[in-house]
Amino acid sequence: MPTDKNRATAAAILPLVGGPDNVTSIAHCMTRLRISLRDRSLVQDEALRALPAVLGVVEDLGAPPSGSWGMYQIVLGPGAVARVTPEFEALVAEGRSAVPAAAPVTDAVTAPSAAASPADPAAPHPVTADELAAQGAVLKEARKARNATPVKLLLRRIANVFVPLIPALIGCGVIAGLNGLLANLGWLPAVVPALAAIASGFMSLIAVFVGYNTAKEFGGTPVLGGAVAAVIVFPGVARIDAFGQQLSPGQGGVLGALAAALLAVQVEKRCRKWVPEALDVLVTPTLTVLVTGLVTLFGLMFLAGEVSAAIGTFANWLLATGGAFAGLVLGGLFLPLVMLGLHQALIPLHTTLIEQSGYTVLLPVLAMAGAGQVGAAVAVYYRLPRNASIRATVKSALPAGFLGIGEPLIYGVSLPLGRPFVTACVGGAAGGAFVGLAHQLGIAFGSTAIGPSGWALFPLLDGTSGPVASLTVYAGGLGVGYLVGFLATYFFGFTHQMLADLDTDPGPAPATGPAREPALN
């Protein structure tokens, strides 16, 4: 039955993105189905948002394959996306190799979306959730245009290197937390070493995976990227003296692997241009691995090691010294960073911190931005008691918000309204200040993986003061974020004119069932 449900979701999505021939690539991250499209105009946005399984859609120009439009991302939520994506891939493959015959079925699945239409900006008040979603779509389109700069597109591509690693980071992080708990309690001593090996195996070779993904993302041969990155973690590098510096296995970490693989891609591309075709299969991979390997050993490992060490030192110093103020700035500015597309730069930093100390101290602070968003949404719900449309949107999006999936609340509620987005940032700043203060007082902790946020981050917390202290401080930060986000929005999130326009009954909502989440963006 779950497989049938996931296939039905994939079957409902496929015709709404233009069918199998319009899809050029398929991938997924923690919460989103990510597809590249040939023709953006074939996508039916409103019908997609009206599907019960779809929490929202996100567009960006990304770095699409040649001949494709930018990346189109459909938010399905954690767990669901990993199950729907294989079904979607299978349907695309089937559709390309067979005569399409499933249109009547998919039309039946998506029939309710026929009633959905973009809100008329000139429509009279009262404002409905559909109008807010339309405003959110406009804001998102403007954001997409602003973010299509070379630097931000590069950050997006670098993020694409690390996103596929998130499931393994989460799995190993949870196992590491469980292993630490068993070790502290003295339970199952025979199992503890086995769990330690399972949790640490991936992290010991993460540089290889980064190198492989980097070469794949930037147009090289993936296995060559993995090969040059493997040099970094090879135990034998301990016998190498590089200009008076004794190397150590893993020195440079994921940043070194990223740099080595980027260099390998450039060397490989140049070799492809001048090496005769008859010798290409022999000469190109040899020169790529040799040249890049030597540069990695006698330059990149040392330089990347220094950068990685500086990142770890600075992150710990920032929270230990800056404390509440540092947390306030990080928690308050994270949502604007997301809107500007600059948050992608944090992914390699998180991964570097996890590789160095076992957890990233930054993620729990940044997660407070989501808490402020939730608190603001609850305030919107109570400030607009007569607007059943907006209240239904808030109610349906809150469960995802508690689990750290913020897109439905951001693009469907707070950002189109304007002031509630600002007050949500205030709530995030307050939660971040609370967590930062705890760090300054000596309760240092972080997340053993990246990707989850909100309540989903609890199983991944670890720190120097033990699990109880880490869990308590994080829960306290969420509580502060919820409370301040609520209060700031309730008292300062609406002008009198906004309340007059919004707090009215828009009329009976269409009967779409309690599970449907219309107009989430």
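Me: Quick one to start: where is L188 found?
Reply: L188 is in the loop between α7 (166-185) and α8 (192-204). Helices here are DSSP runs of H or I with at least four residues, strands are runs of E with at least two, and both are numbered from the N terminus.

Me: What's the phi of L188 near?
Reply: Phi of L188 is near 45°, a positive value in a residue other than glycine. Most residues other than glycine have a negative phi.

Me: Before I go on, what kind of model is this?
Reply: This is a predicted model, where local features need pLDDT of at least 70, side-chain atom pairs count only at pLDDT 80 or more, and totals for chains, interfaces and linings use all residues. Residues are numbered from 1 along each chain as its sequence is written, and side-chain values use heavy atoms, with hydrogens and water left out.

Me: OK, salt bridges. How many does the structure hold?
Reply: There are eight salt bridges. Each one is a side-chain nitrogen of Lys or Arg within 4 Å of a carboxyl oxygen of Asp or Glu.

Me: Which residue does R7 meet in a salt bridge?
Reply: R7 pairs with E87, at 3.0 Å from N to O. R7 lies in helix α1 (residues 2-13) and E87 in helix α3 (residues 80-97), so the bridge ties together parts that are 80 residues apart in sequence.

Me: And E87, buried or exposed?
Reply: E87 counts as buried, at 16% relative accessibility. R7 is partly exposed, with a relative accessible area of 30%. The cut-offs are under 20% relative accessible area for buried, over 50% for exposed, and partly exposed in between (1.4 Å probe, protein chains only).

Me: What about R40, which residue does it meet?
Reply: R40 and D45 meet through their side chains in a salt bridge of 2.9 Å, N to O. R40 counts as buried at 18% relative accessibility, and D45 is buried too, at 17%.

Me: Which residue forms a salt bridge with R157?
Reply: That's E217, with the closest N and O atoms 3.4 Å apart. The pair links distant parts of the chain, with E217 in helix α9 (residues 206-217) and R157 in helix α6 (residues 150-162), 60 residues apart. R157 counts as partly exposed, at 24% relative accessibility.

Me: Which ring does the charged end of R157 sit over?
Reply: The charged end of R157 sits over the ring of F218, 4.6 Å from its centre. To count, NZ of Lys or CZ of Arg has to be within 6 Å of the ring centre and within 35 degrees of the ring normal. R391 does this as well, with its charged end over the ring of Y381, 3.8 Å from the centre.

Me: Back to α6: which of its residues are buried?
Reply: The buried residues of α6 are K152, L155, R156, I158, A159, N160, V161 and F162.

Me: Switching to aromatics. How many aromatic pairs are there?
Reply: The structure holds ten aromatic pairs. Rings of Phe, Tyr and Trp (its six-membered ring) pair if their centres lie within 6.5 Å; planes under 30 degrees apart count as stacked, over 60 as edge-to-face and the rest as tilted. F243 and F298 form an edge-to-face pair, 6.0 Å centre to centre with 75° between the planes. F243 is in the loop between β5 (241-242) and β6 (245-246), F298 is in helix α12, and the two are 55 residues apart.

Me: Is F243 buried or exposed?
Reply: F243 is exposed, with a relative accessible area of 71%, while F298 is partly exposed at 38%. Phi of F243 is near 55°, a positive value in a residue other than glycine.

Me: Which residues do ring pairs link into a cluster?
Reply: Y381, Y382, F486, Y490 and F491 are linked that way.

Me: Last topic: how many residues are in the largest nonpolar core?
Reply: It has 72 residues, and those with the most contacts inside it are F162, V210, V380, Y474 and F494. Helix α12 gives the most to this core, with seven residues. A nonpolar core is a set of buried Ala, Val, Leu, Ile, Met, Phe, Trp, Tyr and Cys residues joined through side-chain atoms within 4.5 Å.
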